Amino acid sequence: MLRWQTPVPTAPEASTALRLVVELVYDAGCPNVDKARAVLTRALQEAGAPAVWTEWCTDDPALPETNRGLGSPTILVNGKDVAPGPHPWAPRPPEQGPRCRMYRDGSHLTGAPPAGLVLGAILKALEADVV
């Protein structure tokens, strides 16, 4: 597990971060993880939230059970996949290499979640009432 943060959140941003749990799940060797990080950074900045998330490599023994078997990369906001639906990859053991996930972005496919989906999921999570 790795915490990713840039820059240090201010006091108002810290209260926003309490309502927002963002996770990036990826396979070691995933060629699209850097693109997913860039999308996450941009979406969080556009939402006015601190660029803070937890990264999970799928070979990490501490990876939560709920995050196992996901394609790479996957972004979760408050535990929900930003691009839910049928996943276009076949389950396979990690030793067989990355389980690359593809996303539809308009009329083409991309290897990282589209920025609009990530931003939408973040904004929806920030609108939720805190109990």
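**Helix packing and strand pairing in a predicted protein chain**

Helix α2 passes helix α3 in a right-handed crossing (a crossing is left-handed if the near helix is turned anticlockwise from the far one by less than a right angle, and right-handed if clockwise). The structure is a predicted model, in which local features need pLDDT of at least 70 and side-chain atom pairs count only at pLDDT 80 or more, whereas totals for chains, interfaces and linings use all residues. Residues are numbered from 1 along each chain as its sequence is written, and side-chain values use heavy atoms, with hydrogens and water left out. Helices (H or I, at least four residues) and strands (E, at least two) are DSSP runs, numbered from the N terminus.

Two packed helices are described by the angle between their axes and the distance between the axes. For α2 (residues 33-46) and α3 (residues 115-127), the angle is about 45° and the axes lie 9 Å apart. That makes α2 oblique to α3. Here, angles under 35 degrees count as roughly parallel, over 145 as roughly antiparallel, 65 to 115 as roughly perpendicular and the rest as oblique; axes are lines fitted to C-alpha atoms, for helices over the stretch in contact, and angles run from 0 to 180 degrees between N-to-C directions. On the α2 side, Val39, Leu40, Arg42, Ala43, Leu44 and Glu46 meet Ala115, Val118, Leu119 and Ile122 of α3 (contact means heavy atoms within 4.5 Å).

The protein chain contains three helices and seven strands, arranged along the sequence as β-α-β-α-β-β-β-β-β-α. Of its 131 residues, 43% count as buried (buried means under 20% relative accessible area, exposed over 50%, partly exposed in between; 1.4 Å probe, protein chains only). Mean pLDDT, the predictor's confidence in each residue from 0 to 100, is 82 for the protein chain, and 74% of the residues reach 70 or more. Confidence is lowest in helix α1 (residues 11-18), with a mean of 50, and highest in α2, at 97.

Strand β2 (residues 22-26) is joined to two other strands, where two strands pair if DSSP finds at least two bridges between them. Four bridges link β2 to β3 in the parallel sense, with Val25 partnered by Trp56 of β3. Five of the six residues of β3 are buried. Another four bridges link β2 to β4, and these strands run antiparallel; Glu23 has Leu76 of β4 as its bridge partner. In β4 (residues 74-77), Thr74 and Leu76 point one way, Ile75 and Val77 point the other way, and all are buried.

Strand β4 also pairs with β5 (residues 80-81), in the antiparallel sense and over two bridges, and Val77 stands opposite Lys80. These two strands form a hairpin with two residues between them. Asn78 lies in the loop between β4 and β5 and has a phi near 50°, a positive value in a residue other than glycine. Asn78 is partly exposed, with a relative accessible area of 36%.

The loop between β3 and β4 holds both Thr58 and Pro73. Thr58 is buried, with a relative accessible area of 11%. Beyond residues up to four places away in sequence, Thr58 touches Val25, Tyr26, Asp27, Leu63, Arg68 and Arg99. The C-alpha atoms of Thr58 and Ser72, 14 residues apart along the chain, are separated by 8.8 Å. Ser72 is joined to Pro73 by a cis peptide bond, with omega at about -5°.
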